[in-house]
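Subject: Handing over the structure, with notes on what was found

Dear colleague,

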Amino acid sequence: MNTAVDLVDLSRRFEADRGRLKSVALQLLGSVPDAEDAVQAAWLKASRSDYAAVTNLTAWLTTITAHEALDQLRARKRRAEQPLDAADERLVAPAADEDALTADSVSRALLVVLDRLPPAQRVAFVLHDVFAMPFETIAELLDRTPAATKKLASRARGRLQPAPAAAAPRRAEHVQVVQAFLAASRDGDIDALVKLLAPDVVRTVDPSLVPPEVPVEMRGARAVAEETRRFTDRACAGAVVLIDGRPGIAIAPAGRLLALLRIAVGANNRIRVIDITGDPERLRVAVLTLPS
């Protein structure tokens, strides 16, 4: 049985590792509140366990946290969660601690793409490729063999990166254009946006994503640029990804996909079309990968 003194020591070690544990949980779950829940559940489990013989407390605590996150991922899959509604109260700019955790080790784009993976693939990839945990340890967590766990991580890598044959001409340049567009949208920089947009740019949007007074279609660089001021919070929840092989933006507040911006860039590297969709079926079938 653990003594009060032992619990104090464990608590100190847990607090020293809290940042790492929260980062593990965030990258597995994609949301700060969910990550905090997983870390709290891990502490309760750890404090009630016999840890006297544990030689590597950090690895042990990481495994417990990952197990709690895996349980959440599996519960999500059983519930078959739907994308967030545009009016959901969670549609806000990312919390500061979420941005900090993301900047530490994994980009927001990776979180968005990871969310498309089955739970076991996500766990295998994150724990091995991001946190360098051995496959033998991850295999015990997933109740798989080390060889099978290694294959899960390999499949995840294959789904994160686009196939070489899918590379579109000038894609790297177009990725930079989309990144600049997202940055200017977050800052509300109208002049920068106008320079990035073609004079006759067309913006279309699903009515369910915007208030009734916002038109489904809008034309013209100045009008489209001015409109972005209304949606800076959504831009702050955005990430540049490849959508079916072409650069675009995923809006994913709280780690959940809300909308996709399919962006067509012209030969002069100015944006010609912005098609914003929140249709659940279109979101489901879209192939999201990381920009190379």
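The notes below take up the sheet, then the nonpolar cores, and then the salt bridges.

Please bear in mind that this is a predicted model, in which local features need pLDDT of at least 70 and side-chain atom pairs count only at pLDDT 80 or more, while totals for chains, interfaces and linings use all residues. Residues are numbered from 1 along each chain as its sequence is written, and side-chain values use heavy atoms, with hydrogens and water left out.

Let me begin with the sheet. Helices (H or I, at least four residues) and strands (E, at least two) are DSSP runs numbered from the N terminus, and two strands are said to pair if DSSP finds at least two bridges between them. In these terms, 7 strands form an open sheet with mixed pairing, and their order is 2-1-6-5-4-3-7. Strand 2 (217-219) and strand 7 (288-289) are the edge strands, since each pairs on one side only. Strand 7 is joined to strand 3 by 2 bridges, with the two strands running antiparallel, and there Ile-243 stands opposite Leu-288.

Strand 5 (residues 259-265) deserves a careful look. Its pairing with strand 4 (residues 246-251) is antiparallel over 4 bridges, and its pairing with strand 6 (residues 271-277) is antiparallel over 6 bridges. Arg-262 of strand 5 can be followed in both directions, for it stands opposite Gly-248 and has Asp-275 as its bridge partner in strand 6. Strand 5 and strand 6 also form a hairpin with 5 residues between them, and Asn-269 in the turn has a positive phi of about 60°.

For accessibility, buried means under 20% relative accessible area, exposed means over 50%, and partly exposed lies in between (1.4 Å probe, protein chains only). If contact is taken as heavy atoms within 4.5 Å, and neighbours within four places in sequence are left aside, the contacts of Ala-259 include Leu-209, Ile-249, Ile-276 and Leu-283.

Helix 9 (residues 171-187) lies across strand 1, strand 3, strand 4, strand 5 and strand 6, and runs at about 155° to strand 3; here axes are lines fitted to C-alpha atoms, for helices over the stretch in contact, and angles run from 0 to 180 degrees between N-to-C directions.

Next come the cores. A nonpolar core is a set of buried Ala, Val, Leu, Ile, Met, Phe, Trp, Tyr and Cys residues joined through side-chain atoms within 4.5 Å. Which residues touch the most other members of the largest nonpolar core? Of its 57 residues, they are Trp-60, Val-123, Leu-127, Leu-142, Leu-160, Leu-260 and Leu-288. Among the elements that each supply at least two residues of this core are helix 3 (57-79), helix 6 (119-130) and strand 3 (238-243). The core also draws at least three residues from each of domain 1 (3-80 + 93-160) and domain 2 (168-289), where the domain bounds come from an automatic or database domain assignment. A second, separate core of 35 residues includes Val-224, Ala-235, Ile-249 and Leu-258.

Finally, the salt bridges. A salt bridge is a side-chain nitrogen of Lys or Arg within 4 Å of a carboxyl oxygen of Asp or Glu, and by this rule the count comes to 16. In one of them, the side chains of Glu-36 and Lys-22 meet at 3.0 Å, N to O. Glu-36 lies in helix 2 (residues 32-47) and Lys-22 in helix 1 (residues 4-29), so this pair ties together parts that are 14 residues apart in sequence. Glu-36 is partly exposed at 36% relative accessibility, whereas Lys-22 is buried at 17%.

In another, Arg-203 and Glu-227 meet at 2.6 Å, N to O. That pair links distant parts of the chain, with Arg-203 in strand 1 (residues 197-205) and Glu-227 in helix 11 (residues 221-227), 24 residues apart, and both residues are buried.

With kind regards
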